[in-house]
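Please keep the sequence and the structure in view while reading.

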Amino acid sequence: MKLPHIVLVTGTDTGVGKTVATAALASALQAEGRSVAVYKPCQSGDAAGDSDCTEITRLAGPLTAEAGVVLQEPLAPVPAAALDGVTLPPLAAHAARVRELASTHDHVLVEGSGGLLVELDPDGGTLADLGSHLGSDATFVVVARPALGTLNHTALTLEALERRDLAIHGVILGTWPDDPGVLEHGNRATLGALRPLLGVLPERAAELPPVTFQAASVHWLSGLDCLNGAWS
């Protein structure tokens, strides 16, 4: 399966490892000589200037990384924007910018905020709706936990994408423990049977030196079919 130019990275919940997964995807693609841009439609909780784009650039190395709007409060975009007194851009503006980035890069990785159906604009538009705006040029990667509750959360996210006829490239486990047990291994097998398992990221991957992170990303994402020249 060919990896489309635009990859929307969503999660089954907040804190599942979307930012680290996005950085790992960027690292793996760049290792294959692909040019990569990262776009975050709504960055919230940026009071200290510690944004997801900054973290991705730190881990993956130099690349184009930008946010559509930056909000200070660590909340979902709509309530954060209300507190900041900021008007959120419409989804059409995000889609236009993603297409611009796609015209000058091999791949654009779009990292969502929280889960798939978190509202990104005043009209209730979500990352799923942004995927609909982008059409056949885009696919989704779902980042999930390996822990208890992940089967339901992941199945719900996949079902929401399927009901909207949105392409799903596969699943990444974002916080694999150092000492996984029967639960984690069982969930890994079950999720891999639902959709292609693109990779498994260690739970403290972000603590690695960037050069180590970048080298390891190709191995973590061993299920990504764009590696080793297999682009189609």
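## The cavity

The model contains one cavity of 30 Å³ or more. On a 1 Å grid over the protein atoms alone, a cavity is a set of points where a 1.4 Å probe fits but cannot get out, and residues with an atom within 4 Å of a point line it. Grid points are joined across faces, edges and corners, and a volume is the space filled by probe spheres set on the points. The largest cavity has a volume of about 30 Å³.

Its lining consists of Leu 3, Val 7, Leu 25, Leu 29, Leu 109, Val 141, His 169, Leu 198 and Leu 224. By class, eight of these residues are nonpolar, one is polar and none is charged. Here Ala, Val, Leu, Ile, Met, Phe, Trp, Tyr, Cys and Pro count as nonpolar, Asp, Glu, Lys and Arg as charged, and the others, Gly among them, as polar.

## Basis of the description

The model is predicted: local features need pLDDT of at least 70, side-chain atom pairs count only at pLDDT 80 or more, and totals for chains, interfaces and linings use all residues. Residues are numbered from 1 along each chain as its sequence is written, and side-chain values use heavy atoms, with hydrogens and water left out.

## The sheet

Seven strands form an open sheet in the order E3-E2-E4-E1-E5-E6-E7, with parallel pairing. Strand E3 (64-70) and strand E7 (197-202) are at the edges with a single partner strand each, so one side of each has no neighbour in the sheet. On average, neighbouring strands are turned by 20° against each other, direction ignored. Helices (H or I, at least four residues) and strands (E, at least two) are DSSP runs, numbered from the N terminus; two strands pair if DSSP finds at least two bridges between them.

Strand E1 (residues 6-11) and E4 run parallel and are joined by five bridges. Within this pair, Ile 6 stands opposite Val 108 in E4.

## Helices packed on H8

The axes of H1 and H8 are 8 Å apart and meet at an angle of about 85°. These axes are lines fitted to C-alpha atoms, for helices over the stretch in contact, and angles run from 0 to 180 degrees between N-to-C directions. H1 and H8 are therefore roughly perpendicular, a term for angles of 65 to 115 degrees. Contact, meaning heavy atoms within 4.5 Å, involves Val 20, Ala 23, Ala 24, Ser 27, Ala 28 and Ala 31 of H1 with Phe 213, Gln 214, Ser 217 and Val 218 of H8. Seven of these residues are nonpolar, three are polar and none is charged.

Helix H2 (residues 52-60) also packs against helix H8 (residues 210-220): their axes come within 7 Å and cross at roughly 80°. Arg 58, Leu 59 and Ala 60 in H2 meet Pro 210, Phe 213 and Gln 214 in H8. This contact has four nonpolar residues, one polar and one charged.

## The largest pocket

The volume of the largest pocket is about 490 Å³; a pocket is an open set of grid points with protein on both sides within 12 Å along at least five of seven lines. Among its 25 lining residues, Thr 14, Lys 18, Thr 19, Lys 40 and Asp 52 are the closest to its centre.

Terms used:
Parallel < 35°, antiparallel > 145°, perpendicular 65-115°, else oblique.
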